Amino acid sequence: IVAADLKCSNEILTIVSMLSVPPVFFRPPDRAEASDAAREKFFVPESDHLTMLHVYQQWKGNGYRGDWCNDHYLQVKGLRKAREVRAQLLDIMKQQRVAVISCGTHWDVCRTAICSAYFHNAAKLKGIGEYVNCRSGMPCHLHPTSALYGLGYTPDYIVYHELVMTSKEYMQQVTAVEAQWLAEMGPMFFTIKDSLTSRIDQKKKVKESKNAMEAEMSEYQKEKVAKEKVTADKISARLAKERGSIVEPGTGLRRKEPGTPYRTPRRIGL
């Protein structure tokens with residue numbers, strides 16, 4: 001489902017099919033060096049899952065041939081089984097109306113989709129080739145056959161398919177991931193801790209926001225006082241005008257307004 005949202009469901013479909021069959025690489029004792037060299041040609045340095053995807057795509061590009069598998073020390077029966085599983089899963093996806101979309105060669109989104117499925121099997125780097133599970137604290141090690149074992153550097157965070165207990169707890173099918181992906185895909189388990197610099201910057205932003213809010217409030221108060229003063233002046237002027245037009249008691253006459261001459265009305269009578 002996440003792969004469909006990330007537009008890489010076609011590649012994830014192939015990876016899931018390859019995970020459902022036994023390992024497709026075989027290593028005959030009398031040709032160990034040749035088989036190791038053939039295996040390294042398929043390695044995708046950041047992921048064993050993507051290595052399996054690369055194997056299947058190369059087999060598909062060579063016409064699903066059995067002799068090609070023998071030349072590259074691959075189990076043809078396992079690959080054929082993976083092809084059958086893939087066809088069945090594809091039918092299920094079509095029935096459920098899940099879009100089958102390919103991401104081409106942009107395989108980083110595939111690692112993000114893998115992270116969304118295995119965030120509970122996430123591990124953090126502890127030493128050279130040694131990791132600890134982020135949730136349980138269980139120590140786990142990279143297997144010598146992993147594509148990440150000869151990467152040249154060890155990623156800080158990885159996810160794995162399963163643990164195999166031999167002389168040590170070895171991880172099988174490992175993929176390197178980013179810490180941000182774990183926080184996005186498993187926010188109920190993981191959060192990104194702010195560094196000292198980011199905390200200082202955050203406090204600075206909060207202080208600046210508070211000062212800006214106080215300045216805005218002060219400006220609003222000044223405008224409010226100015227409006228109240230204008231309103232009070234208008235009311236005072238209206239009241240003064242009304243007082244000037246009041247009738248004087250006992251005369252029946254209105255007060256003289258400035259500039260208006262006062263004349264005694266003519267009396268008419270017998």
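Asn-133 counts as buried because its relative accessibility is 8%, where buried means under 20% relative accessible area with a 1.4 Å probe and protein chains only. The model is predicted, so local features need pLDDT of at least 70 and side-chain atom pairs count only at pLDDT 80 or more, while totals for chains, interfaces and linings use all residues. Residues are numbered from 1 along each chain as its sequence is written, and side-chain values use heavy atoms, with hydrogens and water left out.

Asn-133 belongs to strand E2 (residues 130-133); strands are DSSP E runs of at least two residues and helices are H or I runs of at least four, numbered from the N terminus. Its side chain makes a polar contact with the side chain of Tyr-160 at 2.9 Å (a pair of N or O atoms within 3.5 Å, one able to donate a hydrogen and the other to accept it).

The largest pocket has a volume of about 470 Å³. A pocket is an open set of points on a 1 Å grid where a 1.4 Å probe fits, with protein on both sides within 12 Å along at least five of seven lines; lining residues have an atom within 4 Å of a point. Volume is the space filled by probe spheres set on the points.

The second largest pocket holds about 380 Å³. Of its 18 lining residues, Ile-1, Ala-3, Ile-12, Leu-13 and Val-16 are the closest to its centre. H2 gives the most to this lining, with six residues.

Definitions and conventions. Buried means under 20% relative accessible area, exposed over 50%, partly exposed in between (1.4 Å probe, protein chains only).
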